[in-house]
Amino acid sequence: MPLTERLEVLARKKHAEFAARPELVACALTGSLPRGRVWPGSDLDFHGYWAQAEDEFEDGVEDGIYWEINIDPLDALTVEAVELVQAPPFSNEQFGDTILEVLWGARVLFDRDGRLEEAVAEVKRLSEDRAWLRERAANYLRHGLECLDALADADPQQAILDARRMSIVYGVNAYWNARGELFSSAIRIPERLGEHPEIQSLFRAIWNLGGQRGWDTFYAAYQTMPAEIREEADPDVLREILPAVQLGMADGGLCHFRFIAEGWLPLDTVAPLMGFEADMAAQKARVLDQARALLHRISQR
């Protein structure tokens with residue numbers, strides 16, 4: 001059975017399961033399937049909403065397909081164009097996706113109070129407004145450059161981590177917005193920049209990526225990590241990252257690991273996996289210069 005059909009079968013099964021949960025007020029299927037952009041590494045992404053104040057995350061594997069659902073408070077269903085056109089404040093917990101990126105192209109599975117339908121409709125309107133997206137791209141790039149300047153006196157290791165995150169949160173987002181699109185498929189970021197080799201080259205240098213050889217070196221070191229690190233990270237590495245690497249996304253898989261590792265895994269233990277160099281002060285200077293060049297290059301497209 002073709003992958004798209006397998007995804008649709010599992011999506012219907014999960015739809016029925018989620019709809020049977022009274023605490024879920026609304027749920028949407030997001031990601032590549034409803035957007036019509038299925039690729040060999042596609043999985044299933046759902047976004048649910050409930051009346052509780054906290055968020056929740058669940059995932060699993062069925063029929064060889066990875067699925068996940070993020071459940072947020074209903075209050076998160078707010079789509080304000082005047083806010084979304086501005087770049088968000090920088091945080092090392094920032095993943096670069098707003099409700100705009102989450103609900104772009106979403107398929108509403110059920111909506112018991114109407115707010116999800118309204119939000120998806122507004123996201124569709126904004127995602128089709130090319131002038132608005134170009135303004136958003138310019139705002140992201142301007143703010144990103146200001147944030148990079150603020151790293152001049154920062155600790156070298158933290159500055160490298162922050163500059164890398166800014167290259168995605170502000171740079172990659174702006175890259176797609178300037179094209180009249182929205183950021184998606186985070187695990188394929190480096191490969192999807194291939195249309196613009198100079199931008200791709202800068203991005204790979206910022207993240208210290210080395211293609212398949214770089215992944216192989218990383219993975220050999222990863223397998224020597226303490227048991228508690230492997231126990232925590234293996235579900236993501238083995239179920240989501242490694243399959244993408246096996247499909248040719250070696251840079252994307254390594255970038256994805258390094259992006260999510262901060263704030264998740266103890267950096268003092270996983271430092272050998274993070275692409276830090278012996279002279280971290282020199283690496284900081286280089287990465288900051290490359291991140292600035294990346295944002296300038298995107299602004300000139």
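Predicted model: local features only at pLDDT ≥ 70, side-chain atom pairs only at ≥ 80, totals over all residues.
Residues are numbered from 1 along each chain as its sequence is written, and side-chain values use heavy atoms, leaving out hydrogens and water.

**Exercise 1.** Work out how helix α9 and helix α14 are oriented to each other.

*Solution.* Start with the axes: those of α9 (residues 197-206) and α14 (residues 280-299) come within 9 Å and cross at roughly 155°. Angles over 145 degrees count as roughly antiparallel, and α9 and α14 are therefore roughly antiparallel to each other. Next, look at the contact (heavy atoms within 4.5 Å): among its residues are Leu202 and Phe203 of α9 and Ala291 and Leu294 of α14.

**Exercise 2.** Classify the ring pair of Phe18 and Phe46, then the pair of Tyr222 and Phe257.

*Solution.* Rings pair if their centres lie within 6.5 Å, and planes over 60 degrees apart count as edge-to-face. For Phe18 and Phe46 the centres are 5.1 Å apart and the planes at 75°, so this pair is edge-to-face. Phe18 lies in helix α1 and Phe46 in strand β2, 28 residues apart. Both are buried, meaning under 20% relative accessible area (1.4 Å probe, protein chains only).

Now take Tyr222 and Phe257: with centres 6.1 Å apart and planes at 75°, the pair is edge-to-face. Tyr222 sits in helix α10 and Phe257 in helix α12, 35 residues apart. Finally, Tyr222 and Phe257 belong to one aromatic cluster with Trp215, Phe218 and Tyr219.

Conventions. Axes fitted to C-alpha atoms, helices over the stretch in contact; angles between N-to-C directions. Helix = DSSP H or I, 4+ residues; strand = E, 2+ residues; numbered from the N terminus. Parallel < 35°, antiparallel > 145°, perpendicular 65-115°, else oblique. Phe/Tyr/Trp six-rings, centres within 6.5 Å; stacked < 30°, edge-to-face > 60°. Buried < 20%, exposed > 50% of the residue type's maximum accessible area, 1.4 Å probe, protein only.
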